[in-house]
Each structure stands twice: as C-alpha cells, then as structure tokens.
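Take a look at the model first, then read on.

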Amino acid sequence: MSTAADGLQRLFGSAGGGSLGERMGIEITEATPERVVATMPVEGNTQPYGLLHGGASCVLAETLGSVGAVMHGATVDRPFAVGVDINATHHKGVRSGVITGVATPVHRGRTAVTYEIVITDEDGDRVCTARITCLLRGV
C-alpha cells in the first residue's frame, strides 16, 4: 500500500461503526489522483438472492471516485469533494469472494472531476462500470 493509501485507510477506518465503507469492509490499497484501488468482500454486501447488491457496488465506486477527487482537489487548493452524479451499469452477478474497484480520471478540472470506476471479480471479469462526478470546494 502506498503512503497516501496508508493515511487514507487510517482516516477511513477511524470513523468508527458509523462509517459505511468500514461496515462494508472496503480496504483502500492504492491512492493517487491518477488511480485509486480498493477491495470489498461480497459476503455481507448481498441482496436477498445472494448476489452482490448493486448499491454496494455504487458505494465502492463512490468511495473510490471521491478519494481520487479529494486527492486531485488538494493539488488545486480545493480539497473538499461533493458527489453530484453517479451512475452504474451492472454486468455480472457475484455470489462470493472479493471484488476490486479501480478508479481512473476521465476529467480533472479546477471545480469538477469525473472518474470511471471498473469493478472486477477475483477472476478479473468486469462486474460493474460506474462513473462519478464530484464538485470541488475550497476551504
């Protein structure tokens, strides 16, 4: 894990039981403005039919895109990111294991950023493709 990801994971994990990402088991493994990677277990994040819940994929995607947005925002003196749009296409059902999300920038401006997030299963098959746009705010 990179130093930046270490710091983010400490911050992410320090919020206590009220943190959605912590309750879902999200672990950030890499974090730069150019690429954010995290994993999340399928177990505990399923819908009634035993498949990974689409909302869980969206939580993972929003977490990754927001981390990237905050990291980019810090480089343009706008370190606070607020999500304004997210969409997701679910490609494949998953019943077990760990999924991995990778966020990469589509657009990084001074006031808005957009990241694409690709979520894959343990076999490397695409489970979900998401996109998030965040507004960047200053202090």
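Five salt bridges turn up in this structure, a salt bridge being a side-chain nitrogen of Lys or Arg within 4 Å of a carboxyl oxygen of Asp or Glu. This is a predicted model, where local features need pLDDT of at least 70, side-chain atom pairs count only at pLDDT 80 or more, and totals for chains, interfaces and linings use all residues. Residues are numbered from 1 along each chain as its sequence is written, and side-chain values use heavy atoms, leaving out hydrogens and water.

Here are some of those bridges:

| Salt bridge | N to O distance |
|---|---|
| aspartate 85 – arginine 131 | 3.0 Å |
| aspartate 121 – lysine 92 | 2.7 Å |
| lysine 92 – aspartate 125 | 2.9 Å |

Lysine 92 sits in the loop between strand 3 and strand 4, while aspartate 125 is in the loop between strand 5 and strand 6, so their bridge ties together parts 33 residues apart in sequence. Shared partners join Lys92, Asp121 and Asp125 into one network. (Strands are DSSP runs of E, at least two residues, numbered from the N terminus.)

Lysine 92, at 33%, is partly exposed.

Now for the glycine. Glycine 138 comes in the segment after strand 6 (126–137) and is partly exposed at 28%. Beyond its neighbours within four places in sequence, glycine 138 is in contact with Asp77, Arg78, Pro79 and Phe80, contact meaning heavy atoms within 4.5 Å.

Methods:
Helix = DSSP H or I, 4+ residues; strand = E, 2+ residues; numbered from the N terminus. Buried < 20%, exposed > 50% of the residue type's maximum accessible area, 1.4 Å probe, protein only.
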